[in-house]
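Okay, everyone, let's get going. Have a look at the structure on the screen, and I'll talk you through it.

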Amino acid sequence: MRDTDLYRHLLGLVAPWSVGRVELDVAAQRVDVWVEHPRGHKWSCPECGQEGPLHDHAEERTWRHLDSCQFQTFLHSRPPRMNCSRHGVRQVKLPWAEPHSRFTLLFERFAIDVLQQTNTQAAREILGISWDEAWHLMDRAVARGMARKSAKVVPLLGVDEKSAGKGQKNYVTIISDLKNSKVEEVTFGRDSASLETYFDSLSEEQLAGIEAVSMDMSKSYISATCKKLPAGRDKIVFDRYHLMQHVNQAVDTVRKQEHKSLGKNSMLAGTKYLWLYAYENLPDKHWMALRELRAGDLKTARAWAIKENIRHLWSCQSRTWAEKFWKKWYFWATHSRLAPIKKAAKTLKDHHYGIMNFFKYRISNGPAEGINSRIGTLWKSACGFRNKERFRTVILFHLGGLDLYPVTH
């Protein structure tokens, strides 16, 4: 078999395309393949499909193809341009590459697999491409996947923020599908506009189909949800983890104040994390220390008991029982004579509606936090990102559940 026939089969070329010549450079470990077509062929318009005569050829372009026996392979051609009676002069659709791509379709498919299995630095070394080429591949893949994404209803959403670098402005909002544990969209910022941007991209049917949104107690996210979703306030579920953060901070504030008041011989020295552990998660080696501290007449011990008690709220089997439990706990917290605990209790009361909505939908930001953890891994492996656009690209590339591959023959 001639080398031109071999590469015609490897490239999957059919009439009118054929391989004109193949050049091998052993020293450079490179194969160059030139693709051509016969004269007089009529071409189809890429927009309407109407056939028309050849107008001219664009300048010769080069595409990276899959390696041949460890030799980098490059495809060369002068793309023909046809004359369409409706659309004028248009470049014809090439069977081996998408428009504006530097790579063949088969190389793109392979590169996407490699990029998904490792970090960008390792992938570019395996593939023999530059940083810019690697990002070019991921940008195209994400754009392709987002364009193919169906306008389906996502009933349970999780909303969380993620830092994209130093500074208050370097944040992105992660909107995730809690049921399928994948990222729906990444928008820039963490204000109400960042979440409204996502809601504005949805149809009325999609907006109406959203049953619940799990989030922290961000005023911006609350405002956007109430503004854009029908009966939005009734669909907000505040995440348990973020609620407990407020109570834990109150316990730690009580500990700091009491530790300072006890002076040098304070028994609270070095006990910060003893009070912040969930009781069942406390390491065995710390149980005796905590038992002794609880036996003392400490304000911190009372704050800890209030903190541990509120955790049982989410175990209630119905909203009715949850309301009863809440009223008892709230009375205890606000009559504890512990200012930080009273402040935390009042903060939770201001968000009572979103706490009680949990007992209707039974969702949390757990899947979203899992996604956030995976995003953190992507961030570390890349040692950060140059800008938020690239951060968005890599999140959707790895966690968006998108159809990233180009269509091949």
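Histidine 100 sits in the loop between strand E9 (88-91) and helix H2 (105-117). When I say helix or strand, I'm talking about DSSP runs, H or I of at least four residues for helices and E of at least two for strands, numbered from the N terminus. Phi of histidine 100 is near 70 degrees, so a positive value in a residue that isn't glycine. Its relative accessibility is 67%, and that's why histidine 100 counts as exposed. The cut-offs are these: buried is under 20% relative accessible area, exposed is over 50%, and partly exposed is in between, with a 1.4 Å probe and protein chains only.

Before I go on, a word on what we're looking at: it's a predicted model, where local features need pLDDT of at least 70, side-chain atom pairs count only at pLDDT 80 or more, and totals for chains, interfaces and linings use all residues. Residues are numbered from 1 along each chain as its sequence is written, and side-chain values use heavy atoms, with hydrogens and water left out.

Now, where else do we find a positive phi? Glutamine 70 has one, about 70 degrees, although it is not a glycine. Glutamine 70 is in the loop between strand E6 (61-68) and strand E7 (71-77), and with a relative accessible area of 71% it is exposed.

There's a cis peptide bond too, from alanine 15 to proline 16, with omega near 15 degrees. Proline 16 belongs to the loop between helix H1 (3-11) and strand E1 (18-25).

Let's step back to the chain. How many helices and strands are there? We have 17 helices and 14 strands. The C-alpha atoms fill a box of roughly 95 × 50 × 35 Å along the principal axes. The radius of gyration is 30 Å, whereas a compact globule of 409 residues would come out near 22 Å. That radius is taken over C-alpha atoms, and the globule rule is 2.2 Å times the number of residues to the power 0.38. Of the 409 residues, 45% count as buried.

What about the inside? The largest nonpolar core has 62 residues, and Phe199, Leu313, Trp329 and Ile341 touch the most other members. Helix H8 (residues 240-262) gives the largest share of this core, six residues. Apart from it lies another core of 32 residues, among them Leu127, Leu137, Ala164 and Ile395. A nonpolar core here is a set of buried Ala, Val, Leu, Ile, Met, Phe, Trp, Tyr and Cys residues joined through side-chain atoms within 4.5 Å.

Is leucine 157 buried or exposed? Leucine 157, in strand E10 (residues 156-163), is buried because its relative accessibility is 1%. Leaving out residues up to four places away in sequence, leucine 157 touches several others, including Ile175, Tyr198 and Phe199; contact means heavy atoms within 4.5 Å. Valine 183 is 26 residues away along the chain, and its C-alpha atom is 9.7 Å from that of leucine 157.

Histidine 57 is in strand E5 (residues 54-57). It has 27% relative accessibility, so it counts as partly exposed. Setting aside neighbours within four places in sequence, histidine 57 is in contact with His37, Arg78, Pro79, Pro80 and Arg81. The C-alpha atoms of histidine 57 and isoleucine 112 are separated by 31 Å, and the two are 55 residues apart along the chain.

That's my tour, thanks.
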